[in-house]
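Here is a report on one protein model. It starts with the pockets and then moves to the cavity, a helix, the aromatic rings and a loop residue.

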Amino acid sequence: MRIDVVSIFPSFFDVLEVSLLGRARGNGLLDIRVHDLRDHTHDRHRTVDDTPYGGGAGMVMKPEPWGEAIDAIAADADDPVFIFPSPAGEVFTQATARELAQERHLVFGCGRYEGIDERVFSYAATRGRVRLMSLGDYVLNGGEVAAMAMIEAVGRLVPGVVGNPESLVEESHEAGLLEYPSYTKPASWRGYDVPDVLLSGHHGRVSQWRHDQQVERTRERRPDLLAD
Ligand code: ADE
């Protein structure tokens, strides 16, 4: 999978060189290219923002550098999906991650300030599919942290990125439930014991217990998931 990222803080994405995603880049499973939006400015101050029409607080990202950045990427794109992280977007979930993991080419456009001039989304839609995506109902300073989270959530679902694909099956949100609790050795630690059923060696009872735990936890912590 190819992933392009456009940001005024390209060094934010240096961490993509470590851990599982770093290895996936090294062995060619993920082709991640990070671009500096300011490379598409032409003034001495490399300006990317301006005051909002209609007034109001804060600054808005100018369309011109975004237009050039989109053109440069679209020039050799492969049926891209443009993703603009935004608190005003649709909520990104595990289902979204699964859907995006099927794509060949994702482009993340990271906005700062009060956002990006709205016309940029219309223009991007002439060069690929466009989705505005929110991590959740809170506001970050910009799209970078959100893009990082989405890249990790999607990247780990690309076949081969996570060594043991079974570990992707029994995790939170895969079946619409939270994950069951996990334990390892020792069986007793500081007065806390591992539940007996897990030491029983009885696969049927272990599976039943784990499922019951998933339902119980979900009911307690995320009743909204059960309502769905
Ligand atoms: N940018 C700012 N806040 C955001 C959020 N909650 N999700 C995605 N992008 C954002």
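## The largest pocket

Strand E5 (81–91) gives the largest share of the lining of the largest pocket, five residues. Strands and helices here are DSSP runs, E of at least two residues for strands and H or I of at least four for helices, numbered from the N terminus. A pocket is an open set of points on a 1 Å grid over the protein atoms alone, with protein on both sides within 12 Å along at least five of seven lines; lining residues have an atom within 4 Å of a point. The largest pocket holds about 440 Å³ of space. Its volume is the space filled by probe spheres set on the points, with grid points joined across faces, edges and corners.

The lining of the largest pocket numbers 25 residues, and Pro85, Ser86, Pro87, Glu114 and Gly115 are the closest to the centre. Two or more lining residues come from each of E5, strand E7 (129–134) and H5. By class, 14 are nonpolar, eight polar and three charged. Nonpolar covers Ala, Val, Leu, Ile, Met, Phe, Trp, Tyr, Cys and Pro; charged covers Asp, Glu, Lys and Arg; the others, Gly among them, count as polar.

## Basis of the model

This is a predicted model, in which local features need pLDDT of at least 70 and side-chain atom pairs count only at pLDDT 80 or more, while totals for chains, interfaces and linings use all residues. Residues are numbered from 1 along each chain as its sequence is written, and side-chain values use heavy atoms, with hydrogens and water left out.

## The second largest pocket

The second largest pocket contains about 330 Å³ of space. It has 11 lining residues; Thr93, Gln94, His173, Arg222 and Leu225 lie nearest its centre. Helix H3 (residues 94–100) supplies the largest share, three residues. The lining divides into four nonpolar, four polar and three charged residues.

## The cavity

How many cavities of 30 Å³ or more does a search of the whole structure find? It finds one. A cavity is a set of grid points where a 1.4 Å probe fits but cannot get out. The volume of the largest cavity is about 50 Å³.

Val6, Trp66, Ala69, Ile70, Ile73, Phe82, Phe84, Val107, Phe108 and Gly109 line the largest cavity. Nine of these lining residues are nonpolar, one is polar and none is charged. Helix H2 (63–74), strand E5 and strand E6 (105–109) each contribute at least two residues. H2 gives the most, with four.

## Helix H1

Helix H1 spans residues 19–26, and its buried residues are Leu21, Gly22 and Ala24. Seen down the axis of H1, these fall within an arc of 160°, so they line one face of the helix. The arc is that of the directions from the helix axis to the C-beta atoms. Buried means under 20% relative accessible area, exposed over 50%, and partly exposed in between (1.4 Å probe, protein chains only).

The buried residues of H1 pack against helix H5 (143–155). The face turned away from the buried side carries the exposed residues Ser19 and Gly26. Just after H1, Gly28 takes a positive phi of about 85°.

## Aromatic rings

The whole structure has five aromatic pairs. Phe12 and Phe13 form a tilted pair, 6.4 Å centre to centre with 50° between the planes. Rings of Phe, Tyr and Trp (its six-membered ring) pair if their centres lie within 6.5 Å; planes under 30 degrees apart count as stacked, over 60 as edge-to-face and the rest as tilted.

Phe12 is partly exposed, with a relative accessible area of 34%. Phe13 is buried, at 2%. Phe9, Phe12 and Phe13 form one aromatic cluster.

## Leucine 177

Leu177 sits in the loop between H5 and strand E8 (188–189). Is Leu177 buried or exposed? Leu177 is buried, with a relative accessible area of 11%. Leaving aside neighbours within four places in sequence, Leu177 is in contact (heavy atoms within 4.5 Å) with Glu171, Ser172, His211, Gln214, Val215, Thr218 and Leu226.

## Overall

The protein has eight helices and nine strands. Of its 228 residues, 40% are buried.
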